[in-house]
Amino acid sequence: MSAPLIWIGIPLILSPFLWIPRRANIIAFLGGIIALFLAVLAWFFPIDTPIRISATLSFKLADSLEILGRQIIISPADQPLLTLIYGLAALWFFGASAAGIARRLVPIGMSIIALLVASLSVQPFLYAALIIQTAILIAIPLLSPPEKKPGRGIIRFLIYQTLAMPFLLFSGWLMAGVESNPGDLELLTQAATLLALGFAFLLAIFPLYTWIPLLMEEASPYAVGFILWLLPSIAFFFALGFLDRYAWLRDFDQLPAVLRSAGVLMIVTGGIWAAFQRHLGRMMGYATVVNIGFSLLALSLFQDYQLSAFFLFMVPQSLAILVWSLSLSVLTLREGSLLFRARQGDMYRYPIIIMGLIFAHFSTLGLPLLAGFPPILATWGGVAEKTLVAALWVAVGVASLLTGAIRTLAVMVMSPKEEEWAINGSLLQNILIGVGIFFILLLGLFPQFMSPLLTKLPFVFSHLTG
Amino acid sequence: MLILTTLSFLFLGALALLLLRLFNPDFRYSWLLAVTSIFFAWVSVLFWQIKTPLVFTLPAWQPAILFPNSPDFLADQLSWAYAFSLATVGLGTLLTAIARENFPSSPAWAGTLALSGIGILAVLAENPLALVLAWTAIDLAELFTLLASVQERKLRERVVISFSMRVIGSGFLIWASLVSTAAGTPLNFISASKESGIYMLIAAGLRLGVFPMHLPFKTESALRRGYGTMLRLTSAASSLILLARIPYESLQSPFIPYVFVIVALTALYSSWMWFRASDTLDARPYWLLGMASLALIATLRANPVGSVAWGTALILSGGMLFLSSLQNKWLNRLLQLSLIAMSALPFTLTATGWQSADTLWWAYWLILLSAQALLLAGYYRHAQRVKKTDFKSFSSLSRFIYPLGIGIIFFSLFLLGIWGWQGARAIGVWYLGIAVSILTLIFVWLRPRIRSLNPLEAHWLKPNTEEKTKTGRVYGLFWSLYYFLRRLSRLISNILESDGGILWTLLFIILFASLIAEGIR
């Protein structure tokens, strides 16, 4: 038995079987339980350490698996990362039934996660680009059901994500040369430029994020939310893998400045675009652009904070996207349109759902008391210490996103006619969103609850954490 | 431990009331439970004095490398005065609730207890982090309470605008902390960089509505007098404490003189409006604005004790007046006597209000003393106008408890003048106190005799956001800019999202690639 078989093989094998149950809530429950089991196993079960079962019998979970001459290695240091990925995936799967998309999201999502975990573990690691591309192709039926004609968003998503692959493969090929000949400045320039372009496509850096708002209009908000949580997270881990592996890249003088500039650009443009949206889905799309920006900013501080600031964002951002996209899915299922003019006064018809939406939005922009506040405060402070001008631009982005939140709030409470309070939506939908709000508040007040995970996560990238 | 005891009384009391409401709605002693909780909390706050300074620390935020400060709370001489004032107003609110038309109302009492708890946490905030957390808790409580209680579309819009102004205020405090950190002095309430003070002032000013002068929420008669009063005063107290905490060294910005002018004019304008107002509850924001401006002036003159004096006077005197919905001869006299506490005369609560090492230009004195006198004269007039209800129609218990609620605030108002904190037993600038008292008497005497001091009701009710007013034009300009930016953003979005957008994107990419390559070289 090997670790890759458990955390990659089992989910891949089980994912087709998750199509079998006829009831969506059973699929969601099974998917959630499997993901949760894998998360708990990753936290408690030691890899590559013999476990004594009896006096004569012991068991050891091997850390590698060889397939077609390539190795997939999951080391003990990777276990917190697996816990995080499968733990958060469990939350997404449990909520899938309430969002009305369990039948598609759980089986496809499970296989996407397994592939993306494989992309982080494959050796030589350049094969990761190919595995990521496979995961993206599998995501297409999730975002656009076969019976529906694909829209512009999905096509552009596919184009931009596919364009990332050649850039990354070329840069990897050049990097091998840089390692053997570090003095070759021309080669270094080409490798770094291609790498930057590859990740710009993969992480949807400005102006390559146009597919996000388009997709939010076309597809199920919950499915897009899932992709917007998973893909950037894995892309960031992939990028960290590059940084961890190549010393010259890590020590590259301009790297923090480049990451900071990209982060600020994402926050400012995403925030400003969000301020003027009149579609709730597009608003969320731009907010996830801001999320990516903050992660880039946190990454730019790796020389001071190692990866603490970056990992601090993982849970709050995921939680906010989850609650937000679930709220939007419920509204889509029950009301159809997500346009502002159609959603006036919804606070009185769907108080818990709308509160979920509002709290998620405020958490994304870092309103104190909510989950997004501690990581944003820490990162913003770190950036201010480096350059106050960048911090001021971040303030512009945050203020713009706040404008979007205030506009949403105003639309939700300004009903054209007087309305009585009523709690609509199913019990499950209201409970799940209520629980989400509770955790958003809890993590805002006690970010140290994430500490056990945060202390172990950085060791996945040992060179970056010193 | 003592702080935790007080908070436990308040939060557990609130929780118990809500649980009883859910599981045993016929429980007959809810009010007694609420009053007992707040009474014990009030007594425990009194006992803080024995052991000040007291510290209450929440579990530290982790990882420590990212969070040098965690939310800590400190009860010292200054914050105690605010905490005691809030506990007193909370006690007064629940005691006077017995004579309200909505009695019994356990959700409102639970809200009062919880608000007292959050308000006390806010005034005890030892660092900006703790303060912004408490501010947001109060803001969210206010937002949802108001949204639940107002029906009209326009009013809901104002609730949202008021909320956004407060959030922006909190944002300025966070920004002050970032600016101070960037200057190499992590912001706390002991030390701050000289660049950050102005942002802290703006934060407090925005939250109090002083600059740009705005009324947080003018039409609030839909709210109940008790809970509504508690909400307003808690919100004000939580912002006022910042004025007492701003280190004076940080107020060295070249903009400070301009801020002083704006605050002085705001004080004069709001006190004038308060003096002329015909409805006490409608005019409540002017009272808050006027007194808060005086507190702000004290801060600008390096007098944190004076700032606390004005702040506590705002809370206690305001609480006394706004909670008074019934009238009898003795209560009326209590309200009028409470004016002494706000007069800046020796051994009163506000005796330290005008103390400062700074000298002031005479014209400023003219404005500021007039503002104070107008506030006092207005208070006297509003105290006279309290609704005349036949006290005898209430039960004997209500007839005893209700005046006790008002009386306990009156007692605290004078207690703070002589005991318990840094500003007690002060002589202050006694001649200014006398001048203000004389000026107040003159205003009170003049009011019925000069017609312009008695505006017609219709004039008072004219909405302040009319298109023709200057404010309306400013708003119009703002909206024009907003629509222009919206059109611009839509244009760029359309270009990038259209079929030709991919080409534009590729163009950008080539541009970025050349920039990156150039940067590497």
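The model is predicted, so local features need pLDDT of at least 70 and side-chain atom pairs count only at pLDDT 80 or more, whereas totals for chains, interfaces and linings use all residues. Residues are numbered from 1 along each chain as its sequence is written, and chains are lettered from A and ligands numbered from 1 in the order in which they are written.

**Overall fold of chain A**

- Chain A holds 20 helices and five strands, where helices (H or I, at least four residues) and strands (E, at least two) are DSSP runs numbered from the N terminus.
- Along the principal axes, the C-alpha atoms of chain A fill a box of roughly 70 × 60 × 45 Å.
- Of the 466 residues of chain A, 61% are buried, that is, they have 20 or more other C-beta atoms within 10 Å of their own, with C-beta atoms placed from the backbone.
- Among contacts in chain A with a separation of 6 or more, 78% come from residues 24 or more positions apart, a contact being two residues whose C-beta atoms, placed from the backbone, lie within 7 Å.

**Helix H16 of chain A**

- The 15 residues of helix H16 (residues 351–365) of chain A should span 21 Å at 1.5 Å a residue, and the end C-alpha atoms are 21 Å apart, which agrees; the expected span is 1.5 Å times one less than the number of residues.
- In H16(A), 14 of the 15 residues are buried, and just after this helix Gly366(A) takes a positive phi of about 85°.

**Domains**

- Chain A is assigned domain 1 (1–123) and domain 2 (253–466), with bounds from an automatic or database domain assignment, and the C-alpha centres of these two domains of chain A are 27 Å apart.
- In chain A, 14 residues of domain 1 are in contact with 16 residues of domain 2.
- Chain B is assigned domain 1 (2–464) and domain 2 (478–520), whose C-alpha centres lie 48 Å apart.

**Contact between chains A and B**

- The contact involves 43 residues from chain B and 42 residues from chain A.
- On the side of chain B that touches chain A, the elements giving two or more residues are helices H5 (128–149), H6 (153–182), H17 (470–497) and H18 (501–520) of chain B, and H6(B) gives the most, with 12 residues.

Terms used: Buried ≥ 20, exposed ≤ 12 C-beta atoms within 10 Å, placed from the backbone.
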